Amino acid sequence: MARFRRRTCIILLLFILFICSIMMALKTLRPDRAGFGDPFGLGLLPELQQRTVLLDSKQNSLNRAQGDTVTHVSNLHSIAVNTMKASMFPVKKLEEELSSPNYNFHIFYYTWYGNPQFDGKYIHWNHPLLPHWDPKIANNYPKGRHTPPEDIGANFYPELGSYSSKDPTVIEAHMKQMRSASTGVIVLSWYPPGMADENGEPTDDLVPVVLDYAHKYNLKVTFHIEPYKDRDDRSMYHNVKYIIDRYGSHPAFYRHKTSTGRLLPMFYVYDSYVTIPEIWANLLTVSGSQSIRNTPYDALFIALLVEERHKHDIHRSGFDGMYTYFATNGFSYGSSHHNWASLKAFCDSNNLMFIPSVGPGYIDTSIRPWNNHNTRNRVNGKYYETAFSAALLVRPEIISITSFNEWHEGTQIEKAIPKRTGQVVYLDYKPHKPNVYLELTQKWSEKYRKEQEQWLM
């Protein structure tokens, strides 16, 4: 019995010594600077890193004020864990909920809207009613301009209201919507610094913000160069250089991989046909006097095709491809679905890209009340799906979408809500939900992906 007790005591003593050794080792390994240690990869999450710096600052202040290290570490542990949960949950949730971006789906995006809260006044929502060029017809229609927020220059009403494009919460909401639709590239309407359309104000200062939020949602940004005053080969060279120098290093800046393996920026050029081919050739051909080819600013330039004859001008000009923009089937040669096969064949035979533009419908009678004959009814989404189906038939490398938020022309896929005021009854997406066109875009993005895999086999 005595021998058994002695053996038990020895085993118990050894066990206690073993536990003490482990506790000392753990204490040695534990970081002294924080109660919860440094999570691996903290620097990879900018928001989390920023919050951690803030917590470190709070820790120093609390140490000076309280002098109670034990209590402080305990409190900091609780704060830090809660902060990490708050930061990590949205990131994880974002990846779980949103479809993967399709970088072959390009969507036209406008940042020209303003309201008193962010801009001191309404911009674009108060769009004027445009008169018909024939005075006799013009006299039969109302004049003046819209008076937001109840009366806006659109036939639909946005879920976000008469928003400002400068509002960070609006920009983020837009990025989330575009990502949920499985688009991948934002084609940003762009004027040079200090310039704007006739109803707007300069927006180049917004580009860095758009790029940052696009990057957060794993989207890319390219530029839709608008027909600014005196646009020619020289000014285009300088403006392309400006864009690439200023924004080209941003991770959200879009570059397209060509068939030869080159990664090049891409620029859509709206109303390119107003400039004669000889001027474009100065910029876009190797022998041109202002040639951008084989320089650090070389890129893919995509021209707007409206009439059939434009395809020859585009080829002579040195453009790399063409797009059709308008969401009105039958409005122009380029926007007519039945012409896409011949346009694709022309592009294939001339080493050009053909980028058809699909849209959910068209209505601009809120700003052109005389233009009802060009309205294209959405037919509860059927018009949009018909356009996608026509685009897929020609097997394009890229499909463009007109548009995310061109509210004046009623081509938006952004969320819209039913609204009725004393003077206006807005159109809406009923019987579907406000996000129906985002869902349809996502559906066709997946269908395009699957079909494209078969094309490449």
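Let me begin with two residues of this predicted model, phenylalanine 223 and phenylalanine 253, both of which are buried. Their rings form an aromatic pair of the tilted kind, with 6.2 Å from centre to centre and 40° between the planes. Phenylalanine 223 belongs to strand β4, residues 220-225, whereas phenylalanine 253 sits in the loop between α8 and β5, so the pair ties together parts that are 30 residues apart in sequence.

A second pair to look at is that of tryptophan 280 and phenylalanine 319, which is edge-to-face, with 5.2 Å between the centres and 65° between the planes. Because tryptophan 280 lies in helix α9 and phenylalanine 319 in the loop between α10 and β8, this pair ties together parts that are 39 residues apart in sequence. Both tryptophan 280 and phenylalanine 319 are buried. Across the whole structure, the search finds 31 aromatic pairs, and ring pairs also link a cluster whose members include Phe105, Tyr384, Trp444 and Trp455.

Staying with helix α9, residues 277-284, we can see that it packs with helix α10, residues 310-317, at an angle of about 35°, the axes being 8 Å apart. From α9, the residues Pro277, Glu278, Trp280, Ala281 and Leu284 meet Asp313, Arg316 and Ser317 of α10. By class, that contact is made up of four nonpolar, one polar and three charged residues.

Among the residues lining the largest cavity are Trp112, Trp190, Tyr191, Asp197 and Glu201, and its lining as a whole has four nonpolar, three polar and two charged residues.

How values were computed:
Residues are numbered from 1 along each chain as its sequence is written. This is a predicted model: local features need pLDDT of at least 70, side-chain atom pairs count only at pLDDT 80 or more; totals for chains, interfaces and linings use all residues. Side-chain values use heavy atoms; hydrogens and water are left out. On a 1 Å grid over the protein atoms alone, a cavity is a set of points where a 1.4 Å probe fits but cannot get out, and a pocket is an open set with protein on both sides within 12 Å along at least five of seven lines; lining residues have an atom within 4 Å of a point. Ala, Val, Leu, Ile, Met, Phe, Trp, Tyr, Cys and Pro count as nonpolar, Asp, Glu, Lys and Arg as charged, and the others, Gly among them, as polar. Axes are lines fitted to C-alpha atoms, for helices over the stretch in contact, and angles run from 0 to 180 degrees between N-to-C directions. Helices (H or I, at least four residues) and strands (E, at least two) are DSSP runs, numbered from the N terminus. Contact means heavy atoms within 4.5 Å. Rings of Phe, Tyr and Trp (its six-membered ring) pair if their centres lie within 6.5 Å; planes under 30 degrees apart count as stacked, over 60 as edge-to-face and the rest as tilted. Buried means under 20% relative accessible area, exposed over 50%, partly exposed in between (1.4 Å probe, protein chains only).
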